[in-house]
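Dear colleague,

Please find below the structure that I am handing over to you.

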Amino acid sequence: MLKLNLQSTLQQKLSPHQIQLIRMIEDSALVIEEKIKQEIEDNPALEVADEYPQDEDSVMPDSNNTDEQGYEYEDDYGLGDYKSEDDIPDYKLQLVNGNNEDKRDDSFYSTTSSLYDHLIDQLRLKAISPEMMELAEYVVGNVDQDGYLRREVEAMVDDFSFQQGVQVSDEDMAEAVALVQHLDPAGVGATNLQECLVMQLQRKTQTESVTLAINILQNCFDEFSKRHYDKVIKYLSVTEDAFRAAVAEIVRLNPKPGASWTDVLEENSVQVVPDFILENQDGELYLSLNNKSVPELRISKNYSDMLEEYSTNKNNQSSEMKDAVSFVKQKLDAAKWFINAVKQRQETLQRTMQAIVNRQREFFLDGDETKLKPMILKNISDDTGYDISTISRVSNSKFIQTNFGVYPLKFFFSETMQNDQGEDVSTIAVKTILQECINAEDKRKPLTDDQLTDILAQKGYPIARRTIAKYREQLNIPVSRLRKEI
């Protein structure tokens, strides 16, 4: 038996404009710059203020001018909303007075070649047959971003033969691999870390230290990697001084020969432009928005004049004229909304960042991370009156430039723990103290997690050993055995 149930639900849906504004708040400085450029291209009613200077006659009249009152349409095709706008909307606000534009020099980088390009360029300088060149280029294509060739010769032979329809031998593919392994940087094309380090040492002048280093890696790699130095010294029957000299050669090697190209590419392709600038002048913190990439916008006078002209001929309008009026008003509405949206975005960012600075003032004065206070999104939400989701969006992909470095806003939010006095302490501050303890340890006898637990407890931070281990791993610090040096 079928039953019909009638249920009433209340749902709140966001309008397209609200969604667009939310996304603008979340956008970084670079993204918002591109959006503004795109909006200017798409909407002829929107202009950059300093791009088209206006004379005194072209300044939009004041809304109190009675001459404008007669140009209002009963169907909302009026001029009041546009003529009352300031010539240049004041959305380029700062949290404090002061002009720091001249001090802001965002870093721009030029692109560079990839590791693949670098290797191919070297191959093309060698006198090799076209068939071997094709194989070598195929091998280069299998080298990963760290510079390693993590595929077996037999697997590459099968894939190459299938893709190219040409049968090649294992010997030919191995020759191509050897060819790539002789390219720069040293160690490229290695199949594992051990081979990579040995390949680099083999290109060095063969001193006693280098020869011993090769011997260590080839015959005692497992013991050496586990820091069982006493076993290695005994097995090879060498003095501690000779072993130390060989280790000095090894630690200067690059375990990821391709990473230097990857790092350069990332530096060239990823540009961090701070959204905020914070300066400490004699103990006074001056915070401002970095608005170099955000131009001043205004509504096009040509379009507002066009609407005025259409309005004066209301009684004699054809259908084409009415369509033109509708089009012009649509563009003016969109321009007005976009200008207000940019203004609202800037104000939201300002108020949020000011709240963060207020709560983390001690840190911003000298950059001492141990002075960071526990802070969660709700704290800033309470301080600003914004929803937590808004604070989260502001904090996403935003950066602040200080006198001691550039920080992502997410850095200032952390979990809370209590010290032995019952005071709330930021986990970032605890991690900083943990890092300092490890930096100051005797590398011959690195501190174990148990010892670190005791030290932090003595400093007033009673933390469980497993929590110490978790923080150490988050800091990318290996266990004590792997931190041991001779």
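**A hairpin and its sheet**

Strands β2 and β3 form a hairpin with two residues between them, and D282 in the turn has a positive phi of about 55°. The model is a predicted one: local features need pLDDT of at least 70, side-chain atom pairs count only at pLDDT 80 or more, and totals for chains, interfaces and linings use all residues. Residues are numbered from 1 along each chain as its sequence is written, and side-chain values use heavy atoms, with hydrogens and water left out.

Strand β2 covers residues 276-281 and strand β3 residues 284-289; the two run antiparallel and are joined by six bridges. Strands here are DSSP runs of E with at least two residues, helices are DSSP runs of H or I with at least four residues, and both are numbered from the N terminus. Two strands count as paired if DSSP finds at least two bridges between them.

On the way to the next strand, β2 runs parallel to β5, and two bridges join them. One of the residues involved is F276, whose bridge partner in β5 is I400. Strand β5 (residues 399-402) in turn pairs with strand β6 (residues 405-408) in the antiparallel sense, over four bridges. β5 and β6 also form a hairpin, with two residues between them. In β6, Y407 is the bridge partner of I400, and V406 is that of Q401.

Taken together, the four strands form an open sheet in the order β3-β2-β5-β6, with mixed pairing. β3 and β6 stand at the edges, each with a single partner strand, so one side of each is left without a neighbour in the sheet. From one strand to the next the twist averages 20°. Strands of a sheet pair through backbone hydrogen bonds, either parallel or antiparallel.

Buried means under 20% relative accessible area, exposed means over 50%, and partly exposed lies in between (1.4 Å probe, protein chains only).

Helix α15 lies across β2, β3 and β5, and runs at about 155° to β3. Axes are lines fitted to C-alpha atoms, for helices over the stretch in contact, and angles run from 0 to 180 degrees between N-to-C directions.

Helix α1 (residues 16-26) packs with α15 (residues 319-359) at an angle of about 40°, their axes 9 Å apart. That makes α1 oblique to α15; angles under 35 degrees count as roughly parallel, over 145 as roughly antiparallel, 65 to 115 as roughly perpendicular and the rest as oblique. On the α1 side the contact is made by H17, Q20, L21, M24 and I25, and on the α15 side by W337, F338, A341, V342, Q344, R345, T348 and L349. Contact means heavy atoms within 4.5 Å. The residues of this contact of α1 with α15 divide into eight nonpolar, four polar and one charged. In this grouping Ala, Val, Leu, Ile, Met, Phe, Trp, Tyr, Cys and Pro are nonpolar, Asp, Glu, Lys and Arg are charged, and the others, Gly among them, are polar.

Q360 is found in the loop between α15 and α16 (361-366). Q360 is buried, with a relative accessible area of 1%. Not counting residues up to four places away in sequence, Q360 touches K371, L372, K373, M375 and F412.

**Elsewhere in the protein**

V210 has its place in helix α9 (residues 208-219) and is buried, with a relative accessible area of 3%. Leaving aside neighbours within four places in sequence, V210 is in contact with L201, K204, T205 and E249. V210 and A245 are 35 residues apart in sequence and 8.6 Å apart in space, C-alpha to C-alpha.

Helices α5 (residues 130-141) and α6 (residues 153-164) pack at an angle of about 115°, with their axes 12 Å apart. E134, L135 and Y138 of α5 make the contact with M156, D159, F160, Q163 and Q164 of α6.

For the protein overall, the secondary structure comes to 21 helices and eight strands. Buried residues make up 41% of the 486 residues.

With kind regards
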